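Subject: Structure for your review

Dear colleague,

Please find below the structure that I am handing over to you. My findings follow directly after it.

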Amino acid sequence: MTELAEWDSFYLIVGSAAGALIGLQFVVMTLIASRPNKQPGAEVGAAFATPTVIHFGAALLLSAGIRAPWPDVACAAIFWGLVGAIGTIYSILVTLRMRRQTVYQPVFEDWLFHAILPIAAYATLAISALAAIYYAKTALFGVGASALLLLFIGIHNAWDTATYNIFVIGPKLDAKAKKEEAGSAEEPDDEN
């Protein structure tokens with residue numbers, strides 16, 4: 001199938017980048033989790049951290065799926081259509097989680113990169129699957145754009161998470177630790 005073969009290099013790059021970034025995301029999350037005085041964040045993680053790994057995983061899955069030896073474009077379209085439909089539903093659920101969590105107040109950039117753009121990427125993927133019936137070559141550009149958008153969304157969100165934890169949470173935890181140290185230094189020693 002020449003239509004898919006022409007995209008081999010593109011998906012090799014996107015898939016490799018997504019796989020590497022998934023690994024880095026795990027390293028970042030491990031470092032954040034090992035901090036003392038962690039703030040509660042299960043609901044924030046479900047709304048902001050987990051979707052980042054899912055988007056990287058979707059880009060990796062699409063890259064592997066496109067490089068698979070499909071008998072024709074229609075079979076590949078069914079695959080990427082399923083990924084698009086499931087991803088759209090998941091992104092809507094993430095949007096609802098963002099609204100329900102109370103630990104962090106999202107700003108426009110958060111809504112854009114955690115809700116609007118992921119829904120757009122997955123919906124484009126699903127629509128491209130339908131378009132592949134009549135416009136296979138054009139639909140492949142929709143799939144490529146979706147995979148690349150998911151990769152860039154993941155990069156942005158991973159960076160945003162890391163910088164937020166370094167520049168916002170880190171200083172708060174440091175100030176809290178200094179305050180606790182100062183409070184414990186003022187307490188009399190009961191052992192004497």
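Helix 4 and helix 5 cross in a left-handed manner. Their axes come within 7 Å and cross at roughly 160°. Since that angle is over 145 degrees, helix 4 is roughly antiparallel to helix 5. Please note that this is a predicted model.

The overall architecture is as follows. The protein chain contains 6 helices and 0 strands, giving the pattern α-α-α-α-α-α when read along the sequence. Of the 192 residues in the chain, 38% are buried. The accessible surface amounts to about 11,000 Å², and carbon and sulfur atoms account for 68% of that surface.

With helix 5, helix 3 (residues 42-67) has axes that come within 12 Å and cross at roughly 30°. An angle under 35 degrees counts as roughly parallel, and helix 3 and helix 5 are therefore roughly parallel to each other. The crossing of helix 3 with helix 5 is left-handed. On the helix 3 side, the residues that meet helix 5 are Ala-47, Phe-48, Ile-54, His-55, Ala-58 and Leu-62. Their counterparts in helix 5 are Asp-110, His-114, Pro-118, Tyr-122 and Leu-125.

With helix 4, helix 3 has axes that come within 11 Å and cross at roughly 175°. Helix 3 and helix 4 are therefore roughly antiparallel to each other. The residues of helix 3 that meet helix 4 include Ala-46, Thr-50, Pro-51, Leu-61 and Ile-66.

What is the relative accessible area of Leu-125? The value is 0%, so Leu-125 is buried. Leu-125 is found in helix 5 and, leaving aside neighbours within four places in sequence, is in contact with Leu-62, Trp-80, Val-83, Gly-84, Val-143 and Ser-146. In sequence, Leu-125 and Gly-87 are 38 residues apart, and their C-alpha atoms are 9.1 Å apart in space.

His-114 is likewise placed in helix 5. With a relative accessible area of 3%, which is under the 20% limit, His-114 is buried. Which side chain makes a polar contact with the side chain of His-114? Asn-157 does, in a polar contact of 3.4 Å. Not counting residues up to four places away in sequence, His-114 touches Ala-47, Phe-48, Val-94, Met-98 and Asn-157.

The loop between helix 4 (73-100) and helix 5 (108-131) holds Gln-101. Is Gln-101 buried or exposed? Its relative accessible area is 5%, so Gln-101 is buried. A polar atom of the Gln-101 side chain lies 2.4 Å from the backbone oxygen of Tyr-104. Beyond residues up to four places away in sequence, Gln-101 touches Glu-43, Val-44, Ala-47, Phe-48 and Pro-106. Ala-47 and Phe-48 are also among the residues that His-114 touches.

Tyr-134 is placed in the loop between helix 5 and helix 6 (136-186). Its relative accessible area is 68%, over the 50% limit, and therefore Tyr-134 is exposed. Tyr-134 and Ala-74 are 60 residues apart along the chain, and their C-alpha atoms are separated by 10.0 Å.

Leu-82 lies in helix 4. This residue is exposed, with a relative accessible area of 52%. The C-alpha atoms of Leu-82 and Ala-129 are separated by 8.7 Å, although the two residues are 47 apart along the chain.

In summary, helix 4 is roughly antiparallel to helix 5, and helix 3 is roughly parallel to helix 5 and roughly antiparallel to helix 4.

Yours sincerely

Note on methods
Residues are numbered from 1 along each chain as its sequence is written. This is a predicted model: local features need pLDDT of at least 70, side-chain atom pairs count only at pLDDT 80 or more; totals for chains, interfaces and linings use all residues. Side-chain values use heavy atoms; hydrogens and water are left out. Helices (H or I, at least four residues) and strands (E, at least two) are DSSP runs, numbered from the N terminus. Buried means under 20% relative accessible area, exposed over 50%, partly exposed in between (1.4 Å probe, protein chains only). A polar contact is a pair of N or O atoms within 3.5 Å; within protein, one must be able to donate a hydrogen and the other to accept it, and residues adjacent in sequence count only if both atoms are side-chain atoms. Contact means heavy atoms within 4.5 Å. Accessible areas come from the Shrake-Rupley method with a 1.4 Å probe; for residues, only the protein chains shown count as cover. Axes are lines fitted to C-alpha atoms, for helices over the stretch in contact, and angles run from 0 to 180 degrees between N-to-C directions. Angles under 35 degrees count as roughly parallel, over 145 as roughly antiparallel, 65 to 115 as roughly perpendicular and the rest as oblique. A crossing is left-handed if the near helix is turned anticlockwise from the far one by less than a right angle, and right-handed if clockwise.
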